[in-house]
Amino acid sequence: MATRSFTSRRELEQHSFPSAVALLVPLGAILLQALLPRPFPRLAILDLPLIVTIFFAVSRRNPVAGTLTGAAIGLLQDALTAQPIGVNGMAKSVIGYIAASIGIQVDVENLTTRILINFGFFLINSFLLFLINRRLLGLTNFHIYWGHEFIRAAINTVVALPIFFLLDNTKRND
């Protein structure tokens, strides 16, 4: 019986997903994000693609994969919304990179850690969208209301926890 030695936390707990999950979950999140706010305007507060980006990035624990996942999800989200193409792609790329990097260092399976990570990344995403819209695109009419963003981050964190739990069941150890 051969034993396997691990040299880092990253090697110990890197996860992969079945191809169907890796493809259909982000597509489903993007489609729900684009379609649900039309009949239910209050659901526009959710950012399902960001939840999925964070989950896959922290689970895979690979900054390159996290960046590419965030870019792909963000660009597809931009294509289906009124945002200029690339706004969500840039923001979610940064989030994917940071989330994967944190996933290497921190136990992201812990409930408290998941709450803090999701809440923090939603605030960072709001700040990145603000910077991209105001500084890169020069949209001076783009404003951010931090009270609303804190409430939005809290609601999305509450929604993310059961989604993370469900997606945990699809993980495969490499």
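**Pockets, a loop residue and record spans**

Author: Gladly, and please keep in mind that this is a predicted model. The second largest pocket is lined by Ala22, Leu23, Pro26, Leu27, Ile30, Phe56, Arg60, Leu68, Thr69, Ala72, Ile73 and Leu76.

Reader: Which elements each supply at least two residues of that lining, and how do its residues divide by class?

Author: The second largest pocket holds about 170 Å³ of space. At least two lining residues each come from α2 (19-35), α3 and α4. By class, the lining divides into ten nonpolar, one polar and one charged.

Reader: Which element gives the largest share of the lining of the largest pocket?

Author: That pocket has a volume of about 500 Å³. Among its 22 lining residues, Ala44, Asp47, Gln83, Leu129 and Arg152 are the closest to its centre. Two or more lining residues come from each of α6 (111-136) and α7 (146-168). The largest share, five residues, is from α6.

Reader: Is arginine 61 buried or exposed?

Author: Arginine 61 sits in the loop between α3 (48-60) and α4 (63-80). Its phi is near 55 degrees, a positive value in a residue other than glycine. Most residues other than glycine have a negative phi. Because its relative accessibility is 0% and the cut-off is under 20%, arginine 61 counts as buried.

Reader: How far apart are the end C-alpha atoms of residues 144-167?

Author: UniProt, in an unreviewed entry, lists residues 144-167 under "transmembrane region", along with 16-36, 43-59 and 115-132. In the model, residues 144-167 are 92% helix and 0% strand. The end C-alpha atoms of that span are apart by 31 Å.

Key:
Residues are numbered from 1 along each chain as its sequence is written. This is a predicted model: local features need pLDDT of at least 70, side-chain atom pairs count only at pLDDT 80 or more; totals for chains, interfaces and linings use all residues. Side-chain values use heavy atoms; hydrogens and water are left out. UniProt positions are given in the numbering used here, feature names are shortened, and annotations may be inferred rather than shown by experiment. Helices (H or I, at least four residues) and strands (E, at least two) are DSSP runs, numbered from the N terminus. Buried means under 20% relative accessible area, exposed over 50%, partly exposed in between (1.4 Å probe, protein chains only). On a 1 Å grid over the protein atoms alone, a cavity is a set of points where a 1.4 Å probe fits but cannot get out, and a pocket is an open set with protein on both sides within 12 Å along at least five of seven lines; lining residues have an atom within 4 Å of a point. Grid points are joined across faces, edges and corners, and a volume is the space filled by probe spheres set on the points. Ala, Val, Leu, Ile, Met, Phe, Trp, Tyr, Cys and Pro count as nonpolar, Asp, Glu, Lys and Arg as charged, and the others, Gly among them, as polar.
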